[in-house]
Amino acid sequence: MAERRYAVPNRPGARLRTVKDVFAYAQAEGVQLRLDATEVQVRRPRAGRGGRRAFVVGKKKQNTMKATVVADHRGRTLWADAMRPGRMHDATAVRMEGIDACFRHFPLVEMLLDEGYLGLRRDHPGKALTPPRKPNKSALPEFHERWKLHRHAHSSDRITVENALADHKRWKQLMRWTHRRENLPATYRAIAERVCDRTATSPAHPGHRVRPRPGGAASPTLGPHSTR
């Protein structure tokens with residue numbers, strides 16, 4: 001099951017096998033991608049083994065492994081892989097997996113990210129989209145209001161990848177992995193592909209949704225066949 005790879009929405013039989021396939025599909029169809037990482041708690045490595053600290057995440061005080069997931073505007077999983085020890089930074093895993101290079105080969109693809117990927121925004125402005133930076137405390141009130149509106153709009157557009165992660169975490173195996181760590185990547189891919197098969201047949205996007213933007217302008221949210 002872990003080798004079946006990811007179904008293309010509304011295209012029976014087609015499969016996205018690599019992250020390059022995902023970018024090629026997004027560029028051809030005008031799909032705006034979303035990317036995020038999720039943690040799975042794993043068993044603590046035995047004392048004295050090399051690399052033991054690599055799994056310890058300071059934020060949660062747990063031993064974890066992280067998976068990187070790419071979804072579309074409807075929360076359908078398009079790719080899930082790059083399992084790595086939880087201590088590794090999210091942006092580092094993205095670069096190691098080749099996603100960073102895909103931005104150069106597919107210049108029309110946009111991807112919504114959270115604040116953990118600010119380095120990608122610096123390297124690929126206008127394509128790797130992260131939330132706007134908070135203005136200085138001395139800035140005028142209208143700048144703070146504009147920042148809140150932009151941040152809320154970005155979060156609303158990016159929430160679909162969070163929904164995709166929630167679909168994966170409904171499986172008990174991904175709440176806490178109690179088996180050998182080297183078996184977790186294949187299990188995660190198998191579950192993600194099962195979820196992908198179910199969501200790929202969901203109804204097509206009804207069309208463009210007009211979202212008010214700061215300053216009174218309105219911008220359509222990208223649909224599955226729209227381009228900028």
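**Ground rules.** I am working on a predicted model, where local features need pLDDT of at least 70, side-chain atom pairs count only at pLDDT 80 or more, and totals for chains, interfaces and linings use all residues. I number residues from 1 along each chain as its sequence is written, and side-chain values use heavy atoms, with hydrogens and water left out.

I then turned to Cys-102, which counts as buried because its relative accessibility is 2%. I also searched the whole structure for disulfides (a pair of cysteine sulfur atoms within 2.5 Å) and came away with 0.

**Overview.** I find 6 helices and 10 strands in the protein chain. These are DSSP runs numbered from the N terminus: H or I of at least four residues for helices, E of at least two for strands. The chain has 228 residues, and 48% of them count as buried. Next I looked at contacts, meaning heavy atoms within 4.5 Å. Among those with a separation of 6 or more, 60% join residues 24 or more positions apart.

**The core.** I looked for nonpolar cores, that is, sets of buried Ala, Val, Leu, Ile, Met, Phe, Trp, Tyr and Cys residues joined through side-chain atoms within 4.5 Å. The largest has 47 residues, and Phe-23, Leu-33 and Tyr-188 have the most contacts inside it. Several elements supply at least two residues each, among them strand E3 (33–41), strand E5 (62–71), strand E6 (77–85) and H6. The largest share, 6 residues, comes from H6. In soluble globular proteins, nonpolar side chains tend to be buried together.

**Tyr-188.** I listed its partners, not counting residues up to four places away in sequence: Thr-38, Val-40, Ala-67, Val-69, Ala-80, Met-83, Leu-165, His-168 and Leu-174.

**Val-40.** I followed that list to Val-40, which is found in strand E3. Its relative accessible area is 0%, so it is buried. Leaving aside neighbours within four places in sequence, its contacts include Asn-63, Met-65, Lys-169, Leu-184 and Tyr-188. Trp-177 is also in contact with Val-40; the two are 137 residues apart along the chain, yet their C-alpha atoms are separated by 6.8 Å.

**H5 against H6.** Two packed helices are described by the angle between their axes and the distance between the axes. For H5 (residues 141–169) and H6 (residues 184–199), I noted axes that come within 9 Å and cross at roughly 115°. The contact is made by Leu-165, Asp-167 and His-168 of H5 and by Tyr-188, Ile-191, Ala-192, Val-195, Arg-198 and Thr-199 of H6. My axes are lines fitted to C-alpha atoms, for helices over the stretch in contact, with angles from 0 to 180 degrees between N-to-C directions.

**Two exposed residues.** Met-96 is found in helix H2 and counts as exposed because its relative accessibility is 62%. I checked its C-alpha atom against that of Ala-82, 14 residues apart along the chain, and got 8.3 Å. Lys-134 lies in the loop between strand E8 (128–129) and H5, and at 60% relative accessibility it counts as exposed. Lys-134 and Lys-148 are 14 residues apart in sequence and 8.6 Å apart, C-alpha to C-alpha.

How values were computed
Buried < 20%, exposed > 50% of the residue type's maximum accessible area, 1.4 Å probe, protein only.
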